[in-house]
Amino acid sequence: MDISLNKIQQNMAKEARLFLKKECPVDYVQDVVTGKQGMSEKLWNGMVAMDWPAICIPEAYGGMGMAQTDINIILEEMGRAVVPGPFFSTVMLGAEAIIAAGTKSQKQQYLPKIAEGKIKGTLA
């Protein structure tokens with residue numbers, strides 16, 4: 001069984017690493033953790049521009065409908081950079097719970113907004 005990344009996945013990892021190296025340096029992470037700075041809208045908007053929130057959301061709800069492996073590539077790079085912010089809670093906890101157990105109405109209401117990056121952190 002070959003579990004190596006294909007060319008598209010390798011490029012995703014490379015682009016994610018380059019983006020996070022530029023937009024999420026160690027000093028930024030330290031400033032967020034110590035409370036000197038809040039979450040950067042520029043960082044969030046960059047993630048949205050690269051369609052990261054949409055990766056695992058079904059196409060029927062405005063997402064890309066990609067595999068779990070694909071989002072794992074992004075999450076691995078986020079872990080490497082110690083990215084602070086609402087991505088994991090929004091996309092991996094919130095969206096995945098709605099996909100798995102949400103009503104059709106909840107899916108229609110929330111998933112497109114999450115895929116577009118319009119919801120982050122909390123649904124309230």
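**Figure 1. Surroundings of Met 78 in the predicted model.** Leaving out residues up to four places away in sequence, Met 78 touches Leu 20, Met 47, Trp 52, Val 83 and Phe 87. The structure shown here and in the other views is a predicted model. Met 78 belongs to helix H4. Its relative accessibility is 8%, and Met 78 therefore counts as buried, the cut-off for that class being under 20%. One of the residues touched by Met 78, Leu 20, is itself among the buried residues of helix H1. For orientation, the C-alpha atoms of Met 78 and Glu 59 are 24 Å apart, with a separation of 19 residues in sequence.

**Figure 2. The two faces of helix H1.** Helix H1 has 17 residues, and the distance from its first C-alpha to its last is 24 Å, close to the 24 Å expected at 1.5 Å a residue. The buried residues of H1 are Gln 9, Met 12, Ala 13, Ala 16, Phe 19, Leu 20 and Glu 23. They cover an arc of only 140° around the axis, and so they lie on the same side of H1. Packed against these buried residues are helix H2 (26-33), helix H3 (41-49) and helix H4 (68-81). On the face turned away from the buried side, H1 carries the exposed residues Lys 7, Lys 14, Glu 15, Leu 18, Lys 21 and Lys 22.

Figure 3. Neighbours within four places in sequence aside, Gln 9 is in contact with Ser 4, Thr 69, Asp 70 and Ile 73. Lys 22, by contrast, has a relative accessible area of 65% and is therefore exposed, since that class begins over 50%. Between the C-alpha atoms of Lys 22 and Leu 43 the distance is 9.6 Å, although these residues are 21 apart in sequence.

**Figure 4. The largest pocket and its lining.** The volume of the largest pocket is about 170 Å³. Sorted by class, the lining residues are nine nonpolar, one polar and one charged.

**Figure 5. Gly 65 in the loop between H3 and H4.** Gly 65 is found in the loop between H3 and H4. Its relative accessible area is 43%, so Gly 65 is classed as partly exposed. Not counting residues up to four places away in sequence, Gly 65 touches Ala 54, Ile 55, Ile 57, Pro 58 and Glu 59. Of these, Ile 55 is ten residues from Gly 65 in sequence, with a C-alpha to C-alpha distance of 6.1 Å.

Figure 6. Most residues other than glycine have a negative phi. Asp 51 has a positive phi near 65° and lies in the loop between H3 and H4. With a relative accessible area of 35%, Asp 51 is partly exposed. Val 82 also has a positive phi, near 55°, and is located in the loop between H4 and H5.

**Figure 7. Helix H6 and the glycine that follows.** The twelve residues of helix H6 (residues 104-115) should span 16 Å at 1.5 Å a residue, and the end C-alpha atoms are 16 Å apart, which agrees. Buried in H6 are Lys 107, Tyr 110, Leu 111, Ile 114 and Ala 115. Because they cover an arc of only 130° around the axis, they are on the same side of H6. The cover over these buried residues includes helix H5 (87-101). After H6 comes Gly 117, which has a positive phi near 80°.

Conventions
Residues are numbered from 1 along each chain as its sequence is written. This is a predicted model: local features need pLDDT of at least 70, side-chain atom pairs count only at pLDDT 80 or more; totals for chains, interfaces and linings use all residues. Side-chain values use heavy atoms; hydrogens and water are left out. On a 1 Å grid over the protein atoms alone, a cavity is a set of points where a 1.4 Å probe fits but cannot get out, and a pocket is an open set with protein on both sides within 12 Å along at least five of seven lines; lining residues have an atom within 4 Å of a point. Grid points are joined across faces, edges and corners, and a volume is the space filled by probe spheres set on the points. Ala, Val, Leu, Ile, Met, Phe, Trp, Tyr, Cys and Pro count as nonpolar, Asp, Glu, Lys and Arg as charged, and the others, Gly among them, as polar. Contact means heavy atoms within 4.5 Å. Helices (H or I, at least four residues) and strands (E, at least two) are DSSP runs, numbered from the N terminus. The expected span of a helix is 1.5 Å times one less than its number of residues. Buried means under 20% relative accessible area, exposed over 50%, partly exposed in between (1.4 Å probe, protein chains only). The arc is that of the directions from the helix axis to the C-beta atoms.
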